[in-house]
Amino acid sequence: APAQILPDGDTRNKPVRCLNDGNIYTSAVEAGHHYRLKGRHVANAASATAKGVYRTHHGLRFEYVRKQ
């Protein structure tokens, strides 16, 4: 099957960086698996970074990374 083209602003395949340890993941879901969080919690934290630092219930901070 051909790859799905996602609209601008879709966060499913945006790389995410954990600001606590600097690790970068291909998506919020992948980061969630690593830290045993729900992907939506990681996505919410990354989306809120522009508004101020948002922490998950485990004290982790995330941001979206621009693809290079």
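## Ala 48 and helix H2

Ala 48 lies in helix H2 of this predicted model, in which local features need pLDDT of at least 70 and side-chain atom pairs count only at pLDDT 80 or more, while totals for chains, interfaces and linings use all residues. Residues are numbered from 1 along each chain as its sequence is written, and side-chain values use heavy atoms, with hydrogens and water left out. Helices (H or I, at least four residues) and strands (E, at least two) are DSSP runs numbered from the N terminus. With a relative accessible area of 16%, Ala 48 is buried; the term means under 20% relative accessible area, exposed means over 50%, and partly exposed lies in between (1.4 Å probe, protein chains only). The C-alpha atom of Ala 48 is separated by 9.9 Å from that of Tyr 64, 16 residues apart along the chain.

The buried residues of H2 are Gly 39, Val 42, Ala 43, Ala 45, Ala 46 and Ala 48. These buried residues pack against E1, H1 and E3. H2 itself lies across E1 and E3 and runs at about 70 degrees to E3; axes are lines fitted to C-alpha atoms, for helices over the stretch in contact, and angles run from 0 to 180 degrees between N-to-C directions. Contact here means heavy atoms within 4.5 Å.

## Overall architecture

The protein chain has two helices and three strands, arranged along the sequence as β-β-α-α-β. Of its 68 residues, 31% count as buried. Among contacts between residues at least 6 apart in sequence, 34% join residues at least 24 apart. The accessible surface comes to about 5,000 Å², and carbon and sulfur atoms account for 49% of this area; such areas come from the Shrake-Rupley method with a 1.4 Å probe, and for residues only the protein chains shown count as cover.

## The sheet and its salt bridge

The three strands form an open sheet in the order E2-E1-E3, with antiparallel pairing; two strands pair if DSSP finds at least two bridges between them. Strand E2 (24-25) and E3 stand at the edges with a single partner strand each, so one side of each has no neighbour in the sheet. Between the antiparallel strands E1 and E3 there are three bridges. Glu 63 in E3 is the bridge partner of Arg 17.

Arg 17 and Glu 63 also form a salt bridge, their closest N and O atoms lying 2.4 Å apart. The pair links distant parts of the chain, as Arg 17 belongs to strand E1 (residues 16-18) and Glu 63 to strand E3 (residues 62-64), 46 residues apart. A search of the whole structure finds one salt bridge, defined as a side-chain nitrogen of Lys or Arg within 4 Å of a carboxyl oxygen of Asp or Glu. Side chains of opposite charge can pair when their charged atoms come close. Arg 17 counts as partly exposed at 25% relative accessibility, and Glu 63 is partly exposed at 21%.

## The nonpolar core

The largest nonpolar core has 13 residues, and those with the most contacts inside it are Ala 31, Tyr 35, Leu 37, Val 42, Leu 60 and Phe 62. E1, helix H1 (28-35) and helix H2 (39-48) each supply at least two residues of this core, and the largest share, four residues, comes from H2. Such a core is a set of buried Ala, Val, Leu, Ile, Met, Phe, Trp, Tyr and Cys residues joined through side-chain atoms within 4.5 Å.

Residues up to four places away in sequence aside, Leu 37 touches Gly 32, Val 42, Thr 56, His 57, His 58, Leu 60 and Phe 62.

His 57 lies in the loop between H2 and E3 and counts as exposed at 58% relative accessibility. Beyond its neighbours within four places in sequence, His 57 is in contact with Leu 37 and His 41. His 57 and His 41, 16 residues apart in sequence, are 8.6 Å apart in space, C-alpha to C-alpha.

Arg 36 is placed in the loop between H1 and H2 and is exposed, at 79% relative accessibility. Its phi is near 60 degrees, a positive value in a residue other than glycine. Most residues other than glycine have a negative phi. Asn 13 lies in the segment before E1 and is partly exposed at 44% relative accessibility. The C-alpha atoms of Asn 13 and Thr 26 are separated by 6.5 Å, the two residues being 13 apart along the chain.
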